[in-house]
Amino acid sequence: MIGADLKAGLQQGDPRRSTAPPARLAERFGKRRAALGLALGLAFVSVTASAFYRQVIETQFLQDEGAKRFLRDREIPARRGIIMDRNGEPLAISTSVATIWADPQLLIARADAFADLARALEEPEEALAARIAQYADKGRRYMYLQRRVEPHRARAVEDVIETYRLAGVGMDTEYRRFYPGGEILAQVIGFTGIDDQGQEGIELIRNDQLAAKPGKRRVIQDGHRRIVEEVEQLRAPVHGKDVVLSIDQRLQFMAYRELKRAVDEYQAIGGSAVLLDVRTGEILALVNQPSFNPNQPRRESAEARRNRALTDVLEPGSTVKPFVIAAALERGIVKPHTKIDTAPGVLRVGGNRVRDYRDLGQLDTTSILTKSSNVGVVKIARQMEPAALWQLYRRLGFGSATEVGFPGERSGYLPHDSGWSSFEHATLAFGYGLNVTTLQLAQAYATIATDGLKRPLTLFRRDRPPPGERVFTPATARSVREMLETVVSSDGTARRAAIPGYRVAGKTGTAKKATPSGYVDGKYQSVFVGMVPVTDPRFVMVAMIDEPSGEDYYGGFVAAPIFANVMPAALRLYNVAPDDPKHPLILTSAPEAKR
């Protein structure tokens, strides 16, 4: 039936019928099937080849690209070395603090958090927003928000991160320098910069020893720069080495307190003091006024940072007279009791005059030091050739820097004797026409304390005394010490330097300040140099007050009490026995409790 209908339809010419024979239709369908299979095969080959290429051929490239996005090398912080005093007390230490960083590309979209973030960082919101925008505009992905912040500030930032769920803000650990002594040791220790490198003082001198070398680690971090996994340590951190100074923090504190008191009391513009252990050449205390707090941001003036004991010079005035007397004793020109007539208190030298503060009349060599006679010491100095005096000053260290190696230390000024006039020969005998630092003056007096040996000075602890250079014979040095003891007696100019129970030797000096236009009336530098005990000196101390105000500006009045107030503590701490039988040290004790 169906076949009949089909046949009828073909005969009637149905347009939907195919005119192709069945064999041709089969061939057409076969070709289409083959083309589809070929296309599918090609697609499979393409996908397989692409996967093969990426997994085998491009493996290293893809790994490198992944590493760029997720592998990072992070620094492992290392601690800078500790600076300690001679007894192991820390003077400069490094404490761990937080450094806050951000990805500006992520943070710029969170302006809603800027106000609280700025408040936590304790900086103006406008300034913070401007910094973030600046880094974001440059396409940067890393910036410091603040480095080495205080713990309370770091905690405040953590609260903001948690509250706002901030992405792209994190913290790293760094080390910040802290100075327990503050202003008391500021000019000695110095300070470091933001990169933890020494800028001044011991921090600069020993930077190579103190400096730390950070380590490095490789980590995997996410898109918010948070560490996901530790991969490996590339380099171990190397902590800095510790440094031990000769400074005794206890004596440093007492010297600083007394110097500051004197500067304030006499309304001076500044001052300095140095305390030496003459047996080793170690500097036990070195203080200056004014000072600064190295723990605060750098806002202090250059004046406050200056280590005046090494960088400022002064004309030593009468403090050089003992050296002139020592040279004359060595040459047999005078003896301790040789008579010298200083009347009428004025001596004409060339076209100029040398004066005493009054007519002191007939004096002996010892009394010239006791009364600090300019006329007497000039009469003795003129019996020696200028070259002899110049060579003596050079051997004492005047005109050349000490060996402490402190940055900015001055060498002072000592003119060569070939250019001296007769008046310069005279003035150089009582301390005018040359200039020295406070430290140089201390070293020179240490030669008298050590029986004529000049030892190199140091700011670092020594285990044994270094060899010294002979300047005077032991007999001369001891003789001069005994002569200087009279200066601290009731007849001398330094009565205020006396210490009960101990024989003290010393010398005062009060010199007018020189300016480019000449000496200025009313401006003085007042000095006292002392040593104790006379029988076997252990300590030498120099105290200098710069421009004390008022009528009491003499070294014996404003500088000598600093010595008298500091030295008893040094003698007690170092167990130095009293040596004055005439004025024994009286020790009192509480009465026994009744039983």
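Visitor: Which residues lie nearest the centre of the largest pocket?

Guide: Rolling a probe the size of a water molecule over the atoms shows where empty space is left. Here, Ser318, Tyr357, Asn374, Thr510 and Tyr554 lie nearest the centre, among 36 lining residues. A pocket is an open set of points on a 1 Å grid over the protein atoms alone, where a 1.4 Å probe fits, with protein on both sides within 12 Å along at least five of seven lines; lining residues have an atom within 4 Å of a point. This is a predicted model, where local features need pLDDT of at least 70 and side-chain atom pairs count only at pLDDT 80 or more, while totals for chains, interfaces and linings use all residues. Residues are numbered from 1 along each chain as its sequence is written, and side-chain values use heavy atoms, without hydrogens and water.

Visitor: Which element gives the largest share of that lining?

Guide: β19 does, with four residues. Helices (H or I, at least four residues) and strands (E, at least two) are DSSP runs, numbered from the N terminus. α15, α18, β20 and α21 are among the elements that each supply at least two lining residues. By class, the lining has 13 nonpolar, 14 polar and nine charged residues. Ala, Val, Leu, Ile, Met, Phe, Trp, Tyr, Cys and Pro count as nonpolar, Asp, Glu, Lys and Arg as charged, and the others, Gly among them, as polar.

Visitor: At what angle do the axes of α5 and α6 cross?

Guide: Two packed helices are described by the angle between their axes and the distance between the axes. The axes of α5 (residues 114–121) and α6 (residues 125–137) cross at roughly 110° and come within 9 Å. Axes are lines fitted to C-alpha atoms over the stretch in contact, and angles run from 0 to 180 degrees between N-to-C directions. So α5 is roughly perpendicular to α6, a label for angles of 65 to 115 degrees.

Visitor: Which residues of α5 meet α6?

Guide: Phe114, Ala115, Leu117, Ala118 and Leu121 do. Their partners in α6 are Glu125, Leu128, Ala129 and Ile132. Contact means heavy atoms within 4.5 Å. The residues of this contact divide into eight nonpolar, no polar and one charged.

Visitor: Is Thr319 buried or exposed?

Guide: Thr319 is buried, with a relative accessible area of 0%. Buried means under 20% relative accessible area, exposed over 50%, partly exposed in between (1.4 Å probe, protein chains only). Thr319 sits in the loop between α13 and α14. Leaving out residues up to four places away in sequence, Thr319 touches residues including Leu441, Tyr445 and Lys507.

Note on methods
Parallel < 35°, antiparallel > 145°, perpendicular 65-115°, else oblique.
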